[in-house]
Amino acid sequence: MNGKLVRMVAVLVMLGILSGVATAQNAAPAVPADWQSLDARGLVSLSGSLASQGAAGQANGLLLAQYLASNYLSGGAAQGQSLTLQQWNALAINLLPDMSPDLKSQWCRGLRTVFAGDAATLAALSDEDYGLLQALLTALGDQDLKKLQVRRVNGLLKDAGSIKALGINKVGDEVYWTVKDVPEELRKQWSGRIHEAFAANEAAVAALSDNDFDVLMLALDRLGDTDRQKLQVQRVVGSLKDASSIKALGINKVGD
């Protein structure tokens with residue numbers, strides 16, 4: 001009997017008779033008409049109002065969270081980005097108590113797609129917005145934030161031009177906070193790109209200030225670059241290339 005029922009269901013699905021059921025399961029939840037006309041500020045205000053109602057507002061809080069997941073986090077990046085990350089954080093603060101684990105996971109997937117769907121989108125986030133995204137995903141229970149950080153930094157360090165535009169201090173900071181989670185092969189790639197950006201030749205090495213050179217050496221050390229000592233030798237040789245260069249350095253600096 002069970003086998004016959006399974007076969008009947010399969011036939012009905014093939015004929016498209018049950019397609020309406022599948023569509024209904026994935027459809028956006030029915031919400032009050034006035035919700036549908038709310039802009040981003042209105043949605044945040046509504047979530048705050050529902051949160052202030054305590055238990056009485058829980059059912060509607062859950063409904064609003066489902067509505068946002070379906071209409072804003074599953075409708076493409078443009079729809080999701082019509083709310084700022086600051087507004088998404090405010091919504092999460094108000095609605096998290098009403099959300100199930102599955103709904104939180106749905107939000108995580110949607111937010112990642114909207115704000116970190118590809119390397120360019122993720123790298124384009126300002127430091128402030130990226131911090132807001134991290135805070136939001138953490139609150140929702142996301143377990144892959146380390147991988148997200150590596151993806152972001154890899155996008156920031158995608159080539160020598162991008163690295164040079166960041167500046168050596170910013171590069172040093174990004175390496176410091178990320179390197180422990182970076183695979184060895186990717187570390188080598190980052191090291192090579194950083195060399196190309198700041199130490200492509202003797203003149204580039206010599207032009208670095210002492211502070212910038214120290215930051216460069218520290219970043220390369222953290223990445224496990226075994227050739228970094230060659231840069232030290234290259235810099236010293238370049239600094240002592242002739243008598244006038246040595247004199248300009250001064251005896252104390254030469255001694256160091």
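Predicted model: local features only at pLDDT ≥ 70, side-chain atom pairs only at ≥ 80, totals over all residues.

User: Which helix does Asp 221 lie in?

Analyst: Asp 221 is part of helix α16, residues 210-222.

User: And what does its side chain make a polar contact with?

Analyst: The partner is the side chain of Arg 228, at 2.8 Å.

User: Now the packing. At what angle do α5 and α7 pack?

Analyst: Helix α5 (residues 58-71) and helix α7 (residues 85-95) pack at about 145°, and their axes are 10 Å apart. The crossing of α5 past α7 is left-handed.

User: Which residues make the contact?

Analyst: From α5 come Gly 61, Leu 64, Ala 65 and Leu 68, while α7 supplies Trp 88, Leu 91 and Leu 95. Of these contact residues, six are nonpolar, one is polar and none is charged.

User: Changing topic, how many aromatic pairs are there?

Analyst: The whole structure has three aromatic pairs. One of them joins Tyr 67 and Tyr 72 edge-to-face, with 6.2 Å between centres and 70° between planes.

User: Are those two buried or exposed?

Analyst: Tyr 67 is buried, with a relative accessible area of 5%, and Tyr 72 is buried at 9%.

User: What about Tyr 176 and Trp 177?

Analyst: They form an edge-to-face pair, 5.0 Å centre to centre with 85° between the planes. Tyr 176 is partly exposed at 44%, whereas Trp 177 is exposed at 58%.

Technical notes:
Residues numbered from 1 in each chain as written. Heavy atoms only, no water. Axes fitted to C-alpha atoms, helices over the stretch in contact; angles between N-to-C directions. Helix = DSSP H or I, 4+ residues; strand = E, 2+ residues; numbered from the N terminus. Left-handed = near helix turned anticlockwise from the far one by under 90°. Contact = heavy atoms within 4.5 Å. Nonpolar A, V, L, I, M, F, W, Y, C, P; charged D, E, K, R; others polar. Polar contact = N/O pair within 3.5 Å; in protein donor to acceptor, adjacent residues only side chain to side chain. Phe/Tyr/Trp six-rings, centres within 6.5 Å; stacked < 30°, edge-to-face > 60°. Buried < 20%, exposed > 50% of the residue type's maximum accessible area, 1.4 Å probe, protein only.
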